[in-house]
Amino acid sequence: MEIIKRPDSILFIFTVLIMLPNYVFASSGIEKKEFGMLADGRTVYEYTMTNKNGMQVKVMDFGATVTSIKTPDRNGKTDEVTLGYDTLQDYFTDRPLSYFGVIVGRYANRIAKGRFELNGKKYALATNNGPNHLHGGVEGFNKKLWIYDGSDGNSAVFKLVSDDGDQGYPGKLTVHVIYTLTDNDELVIDYRAATTEPTIVALSFHPYFNLKDAGKTPVLNEQLKIFSDLYLPVDSTRIPTGEMLKVDSTPFDFKKPKTLGKDIHADDEQLKIAGGGYDHCWIIKGLYGPSTRPRPFLELYDPDSGRVLTLLSTEPALQIYTGNYMEGIPGRNGIAYSKHCGLVLEAEHLPDSPNEPIFPSVVLRPGERYQQTTIYKFSVRK
């Protein structure tokens, strides 16, 4: 998160678009279609972006959710690389909590016991993950109908106003998320937010990737490299202990590419806590705090399809979850998902930062602007 002290917000949306980085934009436009209807009668729409290479991204306004990403393999065949649901009802119900492709907020990841203190005042948030607050609470941003706020070429802008007291958070928060599909096969996500009162903000995108077959088989043969020397160990409720441990000689060492399955079954207490796999946060090398420009986080390679995913972000940390509780979840196209069939890659702030003074601040104040950029770039190896 970068906080810029600029109170002027009259032409906020135009400022957002002007400030987008200088990427190569696609020009094929955005298609709109009805995706479903909520119980109160509001219509949910899905927006499709396609670039000149045939890469396609679909986003719906419920949860500002990416419902599909299709990219070419080494043979030029374009196919799905994410997990998801078929219907709006599935996304609305989302049992167990999977958060397929959604924007999570106001706070991505966990806050211990749903409590924090700001300016001497104590706040109690909605708890929805054992004793803890996860991804914004019972009705986080993933369960809200966002406003489609326009487009510019192949950029789709979504807006959400979170009222003061929403899930226990102080301040009225206005959020914009801008999805851009470039002709460089990049999905660029820009986030902007402003508040009326001091509050905490840490937004993220929660996609599940399977570069081979979109969740039909486990991802354990995919090769991962992470630009990180440190990870955060967690307690039995998956709250960081406050330690920052070296990854060297542990299952968490991905400094050199290795398959996800190489150490996932190791006799390691941290892997057991997470349900037999990874659900941990890595601190990106050289990025203890946020950056002003996106930096490389990781590279994921699937040897079967040849697809490569490179993640870059201005955020300081990366949460990886290997789908440890996916067994039996009914997914897209009638697929019954299985354990380890998808890989969540979240660029974010450190979990439980409001309760860990040594972690980078997530406080946003009136007159400041929250902003961050994360890029998912796709390519192939022959």
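Threonine 65 is found in strand β5 (residues 65–72). Strands here are DSSP runs of E with at least two residues, helices are runs of H or I with at least four, and both are numbered from the N terminus. Threonine 65 is buried, with a relative accessible area of 0%. Buried means under 20% relative accessible area, exposed means over 50%, and partly exposed lies in between (1.4 Å probe, protein chains only). Threonine 65 touches Lys58, Val59, Met60, Tyr91, Phe100, Gly101 and Val102, leaving aside residues up to four places away in sequence. Contact means heavy atoms within 4.5 Å.

This is a predicted model: local features need pLDDT of at least 70, side-chain atom pairs count only at pLDDT 80 or more, and totals for chains, interfaces and linings use all residues. Residues are numbered from 1 along each chain as its sequence is written, and side-chain values use heavy atoms, with hydrogens and water left out.

**The whole protein**

- The protein has 3 helices and 29 strands.
- Its radius of gyration is 19 Å, close to the 21 Å that the globule rule gives for 382 residues, so the protein is as compact as a globular protein of that length. The radius is taken over C-alpha atoms, and the rule is 2.2 Å times the number of residues to the power 0.38.
- The C-alpha trace spans about 50 × 50 × 40 Å along its principal axes.
- Of the 382 residues, 59% count as buried.
- Take the contacts between residues at least 6 apart in sequence: 67% of them join residues at least 24 apart.
- The protein exposes about 14,800 Å², and carbon and sulfur atoms supply 50% of that area. Accessible areas come from the Shrake-Rupley method with a 1.4 Å probe; for residues, only the protein chains shown count as cover.
- The mean positions of the 43 positive and 47 negative charges are 2 Å apart. Lys and Arg count as positive, Asp and Glu as negative; His and the chain ends are not counted. Each charge is placed at NZ of Lys, CZ of Arg, CG of Asp or CD of Glu.

- Strand β9 (residues 115–118) has a covered face with Phe116 and Leu118. Its uncovered face holds Arg115 and Glu117.
- β9 pairs with strand β10 (residues 121–124) in the antiparallel sense, over 4 bridges. Two strands pair if DSSP finds at least two bridges between them.
- Glutamate 117 stands opposite lysine 122 in β10.
- The hairpin has 2 residues between the strands, and asparagine 119 takes a positive phi near 55° there.
- Asparagine 119 counts as exposed, at 56% relative accessibility.

- Strands of a sheet pair through backbone hydrogen bonds, either parallel or antiparallel.
- Strand β20 (residues 228–232) and strand β23 (residues 279–284) share 4 bridges and run antiparallel. Leucine 230 stands opposite isoleucine 283 in β23.

**Strands β19, β24 and β25**

- β19 is joined by 4 bridges to strand β24 (residues 295–301), and the two run antiparallel. Glutamine 223 has tyrosine 301 of β24 as its bridge partner.
- β24 also pairs with strand β25 (residues 307–313), in the antiparallel sense over 6 bridges. Proline 296 has leucine 312 of β25 as its bridge partner.
- The hairpin of β24 and β25 has 5 residues between the strands, and glycine 306 takes a positive phi near 85°.

- Most residues other than glycine have a negative phi, and most peptide bonds are trans.
- A cis peptide bond joins arginine 95 and proline 96, with omega about -10°. Proline 96 sits in the loop between α2 (88–93) and β7 (102–104).
- The peptide bond from glycine 105 to arginine 106 is also cis, with omega near 10°. Arginine 106 lies in the loop between β7 and β8 (110–111).
- Alanine 214 is not a glycine, but its phi is positive, near 60°. Alanine 214 lies in the loop between β18 and β19 (223–226). At 8% relative accessibility, alanine 214 counts as buried.
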